[in-house]
Amino acid sequence: MEQQQLFFSSDISSQKPNTIRNKSTDCPFCRTEDLEGILEREGNIIWLMNKYPTLKDAHQTVIIETDECTSDMRHYSTSHMRNLMRFCLTKWQEVEATGSYQSVILFKNHGPYSGGSISHPHLQIIGMKDVDYHQNITMANFEGTNVFTHKGVELTVSAYPIIGFTEFNLLVSADKPSDTFPDMLQVLVRYILDGFHKACNSFNLFFYRFNDKIICKAIPRFVVSPLFVGYKIPQVLMDKELIRMTKDLSALYSAYARSENP
């Protein structure tokens with residue numbers, strides 16, 4: 001099978017501001033009065049065209065999550081987290097429904113090792129005319145150790161990860177992505193940044209549609225292993241480390257479930 005590729009413009013990329021590497025750079029998402037190409041607003045959530053479309057044959061948009069530049073998903077109120085996820089999933093589906101793209105991706109970068117350039121919290125929706133991500137991924141990439149299941153939302157740790165080490169997956173029916181989905185995602189983000197590893201300050205979220213499910217893969221990010229870069233060999237945790245992590249997460253989610261019914 002021919003390898004799918006996206007064509008990247010380094011000229012456009014060189015024009016992008018970078019507030020992750022350079023803290024003195026003005027944040028373009030804070031100056032809402034200067035934003036162009038706004039598609040929709042809902043409170044302080046803004047969906048707009050990407051000002052720096054670095055990819056050829058792609059429809060690139062950004063969702064600004066909040067007007068608080070230094071905040072992140074850990075600190076959102078429950079209502080804001082739910083509204084944000086509802087908004088993102090709806091806009092993702094709307095772009096898919098146009099039928100103009102081979103596939104549409106929804107994802108988030110957070111932190112210096114995530115591949116992002118703007119620290120202000122945001123997600124991206126990209127419609128790709130010639131690339132179908134389903135050809136690169138299988139359901140096996142989301143299956144593995146079941147950590148917790150609650151109200152139709154399942155959390156797993158991948159037995160066969162895409163890039164390696166630890167990949168968390170939240171799976172829910174595409175017909176009923178209830179508020180439990182963003183609630184459990186927020187618990188997971190807090191764990192990644194505050195409990196997973198003392199050196200972890202970065203993660204990615206990737207969203208997929210597979211087999212009538214919406215899936216969010218959350219990946220703590222560090223420097224990428226050379227074994228993956230050079231040989232595409234992913235690495236996974238030893239059993240004892242996986243058991244410890246599963247127990248920690250199960251305790252967190254059990255506390256969350258109890259808090260719903262005090």
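1. At 5% relative accessibility, Lys91 counts as buried (buried means under 20% relative accessible area, exposed over 50%, and partly exposed in between, with a 1.4 Å probe and protein chains only). The model is predicted: local features need pLDDT of at least 70, side-chain atom pairs count only at pLDDT 80 or more, and totals for chains, interfaces and linings use all residues. Residues are numbered from 1 along each chain as its sequence is written, and side-chain values use heavy atoms, with hydrogens and water left out.

2. Lys91 forms a salt bridge with Glu40, the closest N and O atoms being 2.7 Å apart (a salt bridge is a side-chain nitrogen of Lys or Arg within 4 Å of a carboxyl oxygen of Asp or Glu). Glu40 lies in strand E1 (residues 38-42) and Lys91 in helix H2, so the pair ties together parts that are 51 residues apart in sequence. Helices (H or I, at least four residues) and strands (E, at least two) are DSSP runs, numbered from the N terminus. Glu40, at 30% relative accessibility, counts as partly exposed.

3. Helix H2 covers residues 78-97; at 1.5 Å a residue its 20 residues should span 28 Å, and its end C-alpha atoms are 29 Å apart, which agrees. The expected span is 1.5 Å times one less than the number of residues. Buried residues of H2 include His80, Met81, Leu84, Met85, Phe87 and Trp92. After H2 comes Gly99, whose phi is positive, near 70°.

4. The loop between strand E3 (58-64) and H2 holds Thr66, which is buried with a relative accessible area of 4%. Leaving aside neighbours within four places in sequence, Thr66 is in contact with Asn44, Tyr76, His80, His120 and Pro121 (contact means heavy atoms within 4.5 Å). Asn44 is 22 residues from Thr66 along the chain, and their C-alpha atoms are separated by 5.3 Å.

5. A search of the whole structure finds 12 salt bridges. One of them joins Arg74 and Asp194, with the closest N and O atoms 2.8 Å apart. Arg74 lies in the loop between E3 and H2 and Asp194 in helix H3 (residues 180-196), so this pair ties together parts that are 120 residues apart in sequence. Asp194 counts as exposed, at 55% relative accessibility.

6. Asp34 forms a salt bridge with Arg31, the closest N and O atoms being 3.3 Å apart. Asp34 counts as partly exposed at 47% relative accessibility, and Arg31 counts as partly exposed at 35%. A network of salt bridges links Arg82, Arg86, Asp179 and Asp183.

7. Leu227, Tyr231 and Ile233 make a nonpolar surface patch of about 320 Å². Patches are made of residues with over 30% relative accessible area and no salt bridge: like charges are joined within 9 Å, nonpolar side chains (Val, Leu, Ile, Met, Phe, Trp, Tyr) within 5 Å. Leu227 is in helix H4 (residues 226-231) and counts as partly exposed, at 38% relative accessibility.

8. The protein chain has 5 helices and 10 strands. Its radius of gyration is 18 Å, close to the 18 Å that the globule rule gives for 262 residues, so the chain is as compact as a globular protein of that length. The radius is taken over C-alpha atoms, and the rule is 2.2 Å times the number of residues to the power 0.38. Of the 262 residues, 45% count as buried. Among contacts between residues at least 6 apart in sequence, 64% join residues at least 24 apart.

Technical notes:
Accessible areas come from the Shrake-Rupley method with a 1.4 Å probe; for residues, only the protein chains shown count as cover.
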